[in-house]
Amino acid sequence: MTLALKDVVHQGELVSLLVEGTEVSTVRDIPGGVDVLDGRGMEAVPALWDAHVHFREPGNTDAEDLLSGARAAAAGGYGAVCCEPNTRPVMDTLDAIQAFDRRVEALGIPIGVYPKAALTRGQDGAELVDIEAIAPEVTAFSTDGEPVVDRELLIEAFRRTFAFDEEQPREIHAHCEETPRSHDRVVAALGDGPYLARETEIVRLHLEALEAAGMGYLRIQHVSLPETVELVKAFMSRMLDSPGLSPILVTMEVTPHHLRLCQDDIPVVEGQPDPHWKMNPPLRSAKAQRGLLAHLWDFAYIATDHAPHTPASKARPWDDAPFGVIGLETAFGALASFEDNPHLPMQRQLLLDRLSPSNKVMSPDSSRFAQGITLIDWDHVWTVDPDRFYSKSRNCPFAGMTFRGKPMYTIAGGRVVMAEGEVLF
Ligand SMILES: [Zn+2]
């Protein structure tokens, strides 16, 4: 069935769009016999795309599963997501990746839900997975959850992920932050340092390994410190200046919560910081937050790091509660309504670009609308109520906040999959 989006704003003009599957065209007159959606007051943009989510399947489906996660994504205006491999068991074999894809298909999920593979077996940071066997099925290998700090292992990983397909190298997505499990490895590699503030050091180790490898595509996940951005920028400009361009690319992602919140915002409940605000990397100082905002142009992606945890696990005291916050259903509003930053309302296009697939490195299809369309009402005022989330989890630091701006419709595969907050699958 053909769908017409009547009177939407698209690329600055009031138009109507005709949607047939993944084909989208602008029309002057809407033909008869099509479904018409009245788009007045809304802007039509390529569907949002989140390259960093945790759907907890297999292993912890009390917190989230592929279906609930996909619904949360559609509710937030997303037409595609890429899932991190730190499930239980870890996604470190071709079998696990293929089982994931079969499950998404069996569930009939209409948005794109794509897997990443772990870079090391069991996320142990010691032994690479069978990169050549898995690479045809994924676009990236990730160290999410547990950093790799073995320089020689990283050099080999950059070479093999690049050499597999030089036209479209597989990316390495790096979690450059210490964790309780990786503490001993990080100290052995880098010496003692401030716990949970090793980001810039671990990034430096990755850049050194990348340069030594002489090839490779690296994505730094959830950068939380402006020093890290400056380090990466200096590295990339040195690479571009060096004689004989090396096939090296480093991109960075930033989360809505690190852009929008800082450590001073964390509420204290009965003398304890609220565990709903606990994540890794943690919220930083107000100065670091301002520094990240000033660098918004330098990030290729805004990614939520949607990390569901059950209410019971987040009810524990701060020190015992798990790291992570959810973000799919709040990302757009949190950023669109950032009144503290007078520049952001002027940068709608920048925000959309970082939240949608036009950066296309992760996209199997570079067509702007391949993952669907999101209709946005920039003036819709709403209050975040986690009890109404499609996610199974409630660990949201934005609870109770009022935002201006909301994705009102998500269209994927030529049909409406979310309408005015209601998910239709
Ligand atoms: Zn993550």
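## Strands β10 and β11 and their sheet

In this predicted model, strand β10 (residues 140–142) is joined by three bridges to strand β11 (residues 171–174), and the two strands run parallel. Within this pairing, F141 stands opposite I172 in β11. The two strands belong to an open sheet of six strands, ordered β9-β10-β11-β12-β13-β16, in which the pairing is parallel. The edges of this sheet are taken by β9 (117–118) and β16 (301–302), each of which has a single partner strand, so that one side of each is left without a neighbour in the sheet.

Helix α4 lies across β10, β11 and β12 (216–220), and runs at about 115° to β12. Helix α7 (residues 226–241) also packs on the sheet, where it touches β12 and β13 (248–254), and its direction makes about 160° with that of β13.

Helix α4 (residues 151–164) and helix α6 (residues 199–213) have axes that come within 8 Å and cross at roughly 55°. An angle between 35 and 65 degrees counts as oblique, and α4 and α6 are therefore oblique to each other. The crossing in which α4 passes α6 is right-handed. On the α4 side the contact is made by R151, L154, I155, F158 and R159, while α6 contributes L205, H206, E208, A209, L210, A212 and A213. Sorted by class, the contact of α4 with α6 comprises eight nonpolar residues, one polar residue and three charged residues.

The axes of α6 and α7, in turn, come within 9 Å and cross at roughly 15°. With angles under 35 degrees counted as roughly parallel, α6 and α7 are therefore roughly parallel to each other. Here too a right-handed crossing is found, with α6 passing α7. The residues that meet are E199, T200, V203, R204 and L207 in α6 and E227, T228, L231, V232 and F235 in α7. By class, the contact of α6 with α7 divides into five nonpolar, two polar and three charged residues.

## The sheet of β6, β7 and β8

A further open sheet is formed by three strands in the order β6-β7-β8, and its pairing is parallel. Its edges are β6 (48–53) and β8 (112–115), and because each has a single partner strand, one side of each is left without a neighbour in the sheet. On average, and with direction ignored, neighbouring strands of this sheet are turned by 15° against each other.

Between β6 and strand β7 (residues 78–83), the parallel pairing extends over four bridges, and W49 stands opposite A80 in β7. Helix α1 (residues 66–75) packs on this sheet and touches β6, β7 and β8, with a direction that makes about 135° with that of β7.

## The hairpin of β2 and β3

An antiparallel pairing is found between strand β2 (residues 13–20) and strand β3 (residues 23–27), which are joined by five bridges. L17 stands opposite T26 in β3. The hairpin of these strands has two residues between them, and G21 takes a positive phi near 65° in it.

## The chain as a whole

The chain has 12 helices and 20 strands. Its C-alpha trace spans about 65 × 55 × 45 Å along the principal axes. For 425 residues, a compact globule would have a radius of gyration near 22 Å, and the 21 Å of the chain therefore agrees with that expectation.

Definitions and conventions. Residues are numbered from 1 along each chain as its sequence is written. This is a predicted model: local features need pLDDT of at least 70, side-chain atom pairs count only at pLDDT 80 or more; totals for chains, interfaces and linings use all residues. Axes are lines fitted to C-alpha atoms, for helices over the stretch in contact, and angles run from 0 to 180 degrees between N-to-C directions. Angles under 35 degrees count as roughly parallel, over 145 as roughly antiparallel, 65 to 115 as roughly perpendicular and the rest as oblique. A crossing is left-handed if the near helix is turned anticlockwise from the far one by less than a right angle, and right-handed if clockwise. Two residues are in contact if their C-beta atoms, placed from the backbone, lie within 7 Å. Ala, Val, Leu, Ile, Met, Phe, Trp, Tyr, Cys and Pro count as nonpolar, Asp, Glu, Lys and Arg as charged, and the others, Gly among them, as polar. Two strands pair if DSSP finds at least two bridges between them. The radius of gyration is taken over C-alpha atoms; the globule rule is 2.2 Å times the number of residues to the power 0.38.
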